[in-house]
Amino acid sequence: MPDEKKQTSECGAGLLDGRHGSLIRRHILPLLAVLLSSALMAVNIKSFIAAGGLYPGGASGLTLLIQRCAEYLFGLVLPYSAVNFLLNAFPVWVGFRFLGRGFTLYSCLSIAATGIIADLLPVISITEDITLICIFGGLLQGTAVSMCLMAGTTTGGTDFIAIYYSQKKNIDCWNAVLAFNVTQLAAAGLLFGWDKALYSIIFQYTSTQVIKTLYRHYQKKTLLIVTNEPEAVCRIIHDTTGHGATVLEARGGYEAEERRLVYSVIAEDQSAATMRLIRCADPSAFINAIHTDSLAGQFYQRPMR
């Protein structure tokens, strides 16, 4: 009886998600993620990044590089927000053109909020240890970016380009972004010294690996489901993820009972919810979830917004 009550409760939660989850996912969650991640990024810029003289890569890193060049060469103090807005003009166009209006509008809010907060905050020196600055600054940066990405938006800059190519090629492109940022850091090294540029690469690597760990939208998982309810399971997979499934005839090795094996490949960030709903439809289902490294053929990629 306790197991049945627990199963009923989980299925009830799934129905509640269907009724009210759309509003939360599409509006409330992205807004909260944008505001919180913007605050984290601005604090990171004025604490770890400023204290270490680092360059975080992307539009943010290029903004800081332009600011420091203007101050070093011409004695001009440029506002972070104004420079960052200009550098994001082309990525924002890419977002509107290829990724979706809602996605891009929330991203614009993130760009604006980060710039305004960064201009208002003073420089906060937390530590002078450059190794700690690189590691913890990278962790904070990767966490802030991941929060936006998981809520269906982004922090702007090269994130737009990475998501566009990830959508187009159906692969994870974050290491390619890291390679692009390294070329930007080489320019910083020529102008302001190689030590800061090399430490910035450590910062960038840490940030990129955090994003790859937390944001799993472009990672895939194979589901192998032994079930007596193959039609219900296939319907759940299609309604939840937009993916199809293949039903295979199977026979139990111990009691030789006729069973069905449902095979499907879905996005990894959809796997937990899908498996829970399958267990609601068939509590006796046996599910094996396998990480998928590569895939050839058509694979539905849900739009950002």
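**Note on aromatic pairs, a pocket and a buried serine**

1. Phe98 is partly exposed, with a relative accessible area of 39%, where buried means under 20%, exposed over 50% and partly exposed in between, for a 1.4 Å probe and protein chains only. The model is a predicted one, in which local features need pLDDT of at least 70 and side-chain atom pairs count only at pLDDT 80 or more, while totals for chains, interfaces and linings use all residues. Residues are numbered from 1 along each chain as its sequence is written, and side-chain values use heavy atoms, with hydrogens and water left out.

2. The whole structure holds 4 aromatic pairs, a pair being rings of Phe, Tyr or Trp (its six-membered ring) whose centres lie within 6.5 Å, with planes under 30 degrees apart called stacked, over 60 edge-to-face and the rest tilted. One of them is the stacked pair of Tyr55 and Phe192, at 6.4 Å centre to centre and 25° between the planes. This pair links distant parts of the chain, since Tyr55 sits in the loop between helix 1 and helix 2 and Phe192 in helix 8 (residues 174-192), 137 residues apart; helices (H or I, at least four residues) are DSSP runs, numbered from the N terminus. Tyr55 is buried at 3% relative accessible area, whereas Phe192 is partly exposed at 26%.

3. Trp93 and Phe98 form an edge-to-face pair, at 6.1 Å centre to centre with 90° between the planes. Trp93 counts as partly exposed, at 47% relative accessibility.

4. Ring pairs also join Tyr55, Tyr72 and Phe192 into a cluster. Arg68 lies over the face of Tyr55, 4.6 Å from the ring centre, the criterion being NZ of Lys or CZ of Arg within 6 Å of the ring centre and within 35 degrees of the ring normal.

5. The second largest pocket contains about 390 Å³ of space. Of the 20 residues that line this pocket, Lys46, Leu64, Gln67, Arg68 and Glu71 are the closest to its centre. A pocket here is an open set of points on a 1 Å grid over the protein atoms alone, where a 1.4 Å probe fits, with protein on both sides within 12 Å along at least five of seven lines, and lining residues have an atom within 4 Å of a point. Helix 1 (2-52), helix 2 (58-74) and helix 5 (101-120) each supply at least two residues of the lining.

6. Ser207 lies in helix 9 (residues 194-214) and is buried, with a relative accessible area of 5%. Leaving aside neighbours within four places in sequence, Ser207 is in contact (heavy atoms within 4.5 Å) with Gly138, Gln141 and Gly142.

Note on methods: Points joined across faces, edges and corners; volume = space filled by probe spheres on them.
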